[in-house]
Amino acid sequence: MKIPMEEEIVVSQGKLMRRGYTTGSCAAAASKAAAVMLLSGEETDTIRLDTPKGITLTLDVLEILRGPGYVRCAIRKDSGDDPDDTNGTLVYATVTEPGASVPEEEIAMQPKTPSVEQLDDMVEIWGGIGVGKVTKPGLSCRVGGPAINPVPRRMITQEVLAAIRRFDYKHPLRVVISIPEGVAIAPKTFNPRLGIVDGISVLGTSGIVEPMSDRALIETMYTEIDSRKANGYNNLLVFFGNYGADFTRDEMKIDISRAVTCSNFVGELLDYAVLKGFESILIIGHSGKLIKLAQGVMNTHSKYADCRSEFLALQAIFHGASTEVGREIYQSLTTDEMTKILKREGLFEAVMEEAAKKIDFYMQKRVHGKLKTGAILFSNVYGILGKTSGADELLKLHRIGVNDR
């Protein structure tokens, strides 16, 4: 049993679809199992893991290798009914005591040049074979460190610390996360383009993979919109996903209980809101998504279009940047890196004002002026970056809890 039966199946438009779990959950569960077996001296064939989503996983522990001062084990990735290139891949964790030596079989899975991340003095996380190494700035992992994203890093650290405290262990532990198949999988992903080399990223914000096709995601969004309309709400608050929801709740202190998630489907969102007779839509989203609207891109998934650096580089040049600065922006990997350059050059306000105008134009063009639209761009690094002209007016409706019922 992997996911509790009542949590495993998602009903979407008459279809039963099975959830899965992320590489981050696999890494955390393997780390927990290895730490518990190392410190207890006992063996376990299953391990329980509480995910950030609130779902508790019960996972099979595979390929256990034990020796003096170390334990290695693996968890098999299951993407549910939303399979990806990592589905079925084994994610290993080796937990070692200080000074422990490991056999040749285990040495083969260690990095020749280790990439290390440390969130706590008692837990050191290494990226082993098949876990990518970050070589360029602008990602959520530091340059030179393993491509293990922040939530999985916290999950690994928390689980190993819990084992240390449970068994009253007094010394730090090293955790090596390895995904041997990641070396072959990496070229099929966007990692090389992002400057992540020699492997894949360990990902996941909720710990759970939601099995949603594009059509199912759109239909789910429609269902959410229908529900808001049926309850008498005429003004929609919209996020692309967890980042927008978390920022709005935690940083802007706004009730998000009536918000709608649009994933990447801005065009379908706007069309359906017009059809259902809403009065306004306010989208609060990370700049990496919303900047694409400034070029009229209405599906923000990277597989369809990515015009972020082109737009910001061009606008920077229009506002006086040199060709060299424009090229630097164009070659940047993330909007946070682009924002850093714009701020350095004193161009940030002018460029973001133009971005907001373009976003406003394309949103209004899509709805044919039939409802009010607004957008707020934010960054987890820099906070709110920009707003369209009508955003503050719409924001007041959601800030005070008035939704024109």
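Predicted model: local features only at pLDDT ≥ 70, side-chain atom pairs only at ≥ 80, totals over all residues.

Colleague: Why is alanine 74 called buried?

Modeller: Buried means under 20% relative accessible area. Alanine 74 comes out at 0%, so it counts as buried. You'll find alanine 74 in strand E7, residues 70–76.

Colleague: What is alanine 74 in contact with, leaving aside its neighbours within four places in sequence?

Modeller: Contact asks for heavy atoms within 4.5 Å. With those neighbours set aside, alanine 74 touches Asp60, Val61, Leu62, Leu90, Val91 and Tyr92. There's also alanine 27: it sits 47 residues from alanine 74 in sequence, yet their C-alpha atoms are 8.2 Å apart.

Colleague: What makes helix H2 largely enclosed by the rest of the structure?

Modeller: Count its residues: 16 of the 18 in H2 are buried, so the helix is largely enclosed.

Colleague: Which residues other than glycine have a positive phi?

Modeller: Lysine 253 is one of them, with phi near 60°, and histidine 368 is another, at about 55°. Lysine 253 belongs to the loop between helix H8 (242–250) and strand E18 (260–261). Histidine 368 is in the loop between helix H14 (348–367) and strand E20 (372–379).

Colleague: Why does lysine 253 count as exposed?

Modeller: Exposed means over 50% relative accessible area. Lysine 253 has 63%, so it passes that cut-off. Histidine 368 is at 63% too, and therefore counts as exposed.

Colleague: What makes strand E10 mostly covered?

Modeller: Four of the five residues in E10 (123–127) are buried.

Colleague: How do you know that E10 and strand E13 pair?

Modeller: Two strands pair if there are at least two bridges between them. E10 and E13 (residues 173–178) have five bridges, in the parallel sense. You can look for isoleucine 125, which stands opposite valine 175 in E13.

Colleague: Which strands form the open sheet, and in what order?

Modeller: Five strands do, in the order E18-E17-E19-E20-E21, with mixed pairing.

Colleague: Why are E18 and E21 called edge strands?

Modeller: E18 and E21 (383–387) each pair on one side only. Further in, seven bridges join E19 (residues 280–286) to E20, and these two run parallel. One spot to check is isoleucine 283, whose bridge partner in E20 is alanine 375.

Colleague: Which helices lie against those strands?

Modeller: H8 packs on the sheet, touching E17 (235–239), E19, E20 and E21, and its direction makes about 90° with that of E20. Helix H9 (residues 266–276) lies across E17, E19 and E20, running at about 165° to E19.

Colleague: One last thing: how many of the protein's contacts join residues at least 24 apart in sequence?

Modeller: Taking contacts between residues at least 6 apart in sequence, 67% join residues at least 24 apart.

Conventions:
Residues numbered from 1 in each chain as written. Heavy atoms only, no water. Buried < 20%, exposed > 50% of the residue type's maximum accessible area, 1.4 Å probe, protein only. Axes fitted to C-alpha atoms, helices over the stretch in contact; angles between N-to-C directions.
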